[in-house]
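Thanks for coming. Let me put the structure up before I say anything about it.

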Amino acid sequence: MTNTKIEWADATWNPITGCSKISEGCEHCYAERMVKRFPKIYPNGFKPTFHEKRLEEPLHWKKPRRIFVCSMGDLFHEDVSIEWIYKVFDIMSRCPQHTFLLLTKRPERAKALTETMLHLYYPELKYPLTSFLFLNVWLGVTVEHFKHTDRIALLQETNFAHRFVSLEPLLSIIHIGIYLFISHYDGRPIEWVIVGGETGPGARKMKPEWVRDIRDDCIKYKVPFFFKKWGGGNKSRLLDGREWNEFPKELKESGE
């Protein structure tokens, strides 16, 4: 297990690493910087790579953890083979004591592949899918700019039991209220919203009014709101005089 400084997870698990830039938020990718710093650990650089020796790690972790999966890449990258993805999901399905958190900028591939996997693991299912499965897996999308809010709509079309949104690094105002409103009534709720500014060299600043607008929408629709930090050299986690460390009930319990 790899302990992590990521505020909303207890550990990271990277059976697959590597990715490629797809939108504005990728410009100063922290994972790519890490790969360049440690070439002996990542001999393939930032090319999507399967690390088979790491695959079964969660099977040996008995204490429940919130585990951020593929923090050093995107599990649903187009160069990650279906076979690799199936192996990762197989391990997660065998570890009900843990909660696995996935983030992607490619929800369209997540939707297509997981529907196939649902039938692989549950052959009795018939279309249209009406059950929400993978109960210990939370699928999230990263949305850094209002131009990419379509990722949230695609997230809503998946059959994961739990869904969340990470607005990090937040690079523009994002009116998330409409998505929270729709998700509240369509039976596929967005259960958690994370917001954070950009860190590292060349970090772009995040405006306070962007964060407040998102927080206020979360309060309005009773969605837990987690604020990581301001970024841009400002390590403070305070927003309007307090920290916002809200977790969905299920996630809070899994990390205790």
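First, the ground rules. This is a predicted model, where local features need pLDDT of at least 70, side-chain atom pairs count only at pLDDT 80 or more, and totals for chains, interfaces and linings use all residues. Residues are numbered from 1 along each chain as its sequence is written, and side-chain values use heavy atoms, with hydrogens and water left out.

Helices (H or I, at least four residues) and strands (E, at least two) are DSSP runs, numbered from the N terminus. Buried means under 20% relative accessible area, exposed means over 50%, and partly exposed is in between (1.4 Å probe, protein chains only). The areas come from the Shrake-Rupley method with a 1.4 Å probe, and for residues only the protein chains shown count as cover.

Start with helix 2, residues 82-93. For the 12 residues of helix 2 that gives 16 Å, and the end C-alpha atoms are 16 Å apart, so the two agree. Buried in helix 2 are Ile85, Val88, Phe89, Ile91 and Met92. Seen down the axis of helix 2, these buried residues fall within an arc of 155 degrees, so they line one face. The arc is that of the directions from the helix axis to the C-beta atoms. Remember the general rule: an α-helix has 3.6 residues a turn, so residues three or four places apart point the same way.

Now helix 6, residues 208-220. Its 13 residues should span 18 Å, and its end C-alpha atoms are 18 Å apart, which agrees. The buried residues of helix 6 are Trp210, Val211, Ile214, Arg215, Asp217 and Cys218. They cover an arc of only 160 degrees around the axis, which puts them on the same side of helix 6. What do they pack against? Strand 8, helix 5, strand 9 (193-195), strand 10 and strand 11. Contact here means heavy atoms within 4.5 Å.

A salt bridge is a side-chain nitrogen of Lys or Arg within 4 Å of a carboxyl oxygen of Asp or Glu. The structure holds 16 of them. Asp240 and Arg215 meet in one, at 2.6 Å, N to O. That pair links distant parts of the chain: Asp240 in the loop between strand 11 and strand 12 (242-243), Arg215 in helix 6, 25 residues apart. Asp240 is partly exposed at 43%. Arg215 is buried at 9%.

Two more pairs. Glu7 and Lys229 meet at 2.9 Å, N to O. Glu7 lies in the loop between strand 1 (2-3) and strand 2 (11-13), and Lys229 in the loop between strand 10 and strand 11 (238-239), so the pair ties together parts that are 222 residues apart in sequence. Next, Glu24 and Lys147, with the closest N and O atoms 2.6 Å apart. Glu24 sits in the loop between strand 3 (16-17) and helix 1 (30-37), Lys147 in the loop between strand 7 and helix 4, so this bridge ties together parts 123 residues apart in sequence. Glu24 is partly exposed at 23%, and Lys147 is partly exposed at 49%.

His148 is in the loop between strand 7 (133-142) and helix 4 (150-156). Buried or exposed? At 14% relative accessibility, His148 counts as buried. Leaving out residues up to four places away in sequence, His148 touches Ser23, Glu24 and Val143.

On to the backbone. Most residues other than glycine have a negative phi, and most peptide bonds are trans. Cys70 is not a glycine, yet has a positive phi of about 60 degrees. Cys70 lies in the loop between strand 5 (66-69) and helix 2, and is buried at 2%. Lys222, not a glycine either, also has a positive phi of about 60 degrees. Lys222 follows helix 6 and is exposed at 77%. The peptide bond from Glu168 to Pro169 is cis, with omega near -10 degrees. Pro169 lies in the loop between strand 8 (160-167) and helix 5.

Last stop, the surface. Ile178, Phe181, Ile182 and Tyr185 make a nonpolar patch of about 430 Å². Patches are made of residues with over 30% relative accessible area and no salt bridge, with like charges joined within 9 Å and nonpolar side chains (Val, Leu, Ile, Met, Phe, Trp, Tyr) within 5 Å. Tyr185 is in helix 5, residues 177-185, and counts as exposed at 62%.

Definitions and conventions: Expected span 1.5 Å × (residues − 1).
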